[in-house]
Amino acid sequence: MDVFCVCEEPWEAYYLRHELIDSDNGETLSPEVEDNLKQEGWVFYNHNILAILQCPCCKHTKDRKQYEEKEEMIKTAADLLKDDPDGFLSFMDDCKFIVDEN
Ligand SMILES: [Zn+2]
């Protein structure tokens, strides 16, 4: 299953959990790991590897205002489902951040 950054870049949940971080703590990032990832352009909400607020694909985007609404959505969902990572994943999968262009 994919999770989406606010920029709509899809990231495979397996990759995030098992390749990007080599962790047995589930979804929670340790401070050192989070610091390292920040250097690469990653920003996560509330140390949650699945709640991506910035990824390497959008780290150079200066106008982050356009992502505000999605950031709020990710934060709200991550808070509501913080004890239910699979629920969070299916929520993300359901909304797929479809943007109504009309
Ligand atoms: Zn991004």
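## Basis

The structure is a predicted model, in which local features need pLDDT of at least 70, side-chain atom pairs count only at pLDDT 80 or more, and totals for chains, interfaces and linings use all residues. Residue numbers start from 1 along each chain as its sequence is written.

## Overall fold

The protein contains four helices and four strands, arranged along the sequence as β-β-α-α-β-β-α-α. Helices (H or I, at least four residues) and strands (E, at least two) are DSSP runs, numbered from the N terminus.

The C-alpha trace spans about 45 × 30 × 20 Å along the principal axes. The radius of gyration is 13 Å, which agrees with the value near 13 Å for a compact globule of 102 residues. That radius is taken over C-alpha atoms, and the globule rule is 2.2 Å times the number of residues to the power 0.38.

Of the 102 residues, 21% are buried. A residue is buried if 20 or more other C-beta atoms lie within 10 Å of its own, exposed if 12 or fewer, and partly exposed in between, with C-beta atoms placed from the backbone. Among contacts with a separation of 6 or more, 51% join residues 24 or more positions apart; two residues are in contact if their C-beta atoms, placed from the backbone, lie within 7 Å.

Leaving aside neighbours within four places in sequence, the contacts of Leu 53 are Val 6, Val 43, Phe 44, Tyr 45, Glu 71 and Ile 74.

## Ile 21

Ile 21 sits in the loop between helix H1 (13–20) and helix H2 (31–39). Ile 21 counts as buried because 21 other C-beta atoms lie within 10 Å. Not counting residues up to four places away in sequence, Ile 21 touches Leu 29, Val 33 and Ile 49. Val 33 is twelve residues from Ile 21 in sequence, and their C-alpha atoms are 7.3 Å apart.

## The loop between E3 and E4

Most residues other than glycine have a negative phi. Asn 46, in the loop between strand E3 (43–44) and E4, has a positive phi near 55°. His 47 also lies in the loop between E3 and E4, and its phi is positive at about 60°.

Asn 46 is partly exposed, with 14 C-beta neighbours inside 10 Å. His 47 is partly exposed, with 14 other C-beta atoms within 10 Å.
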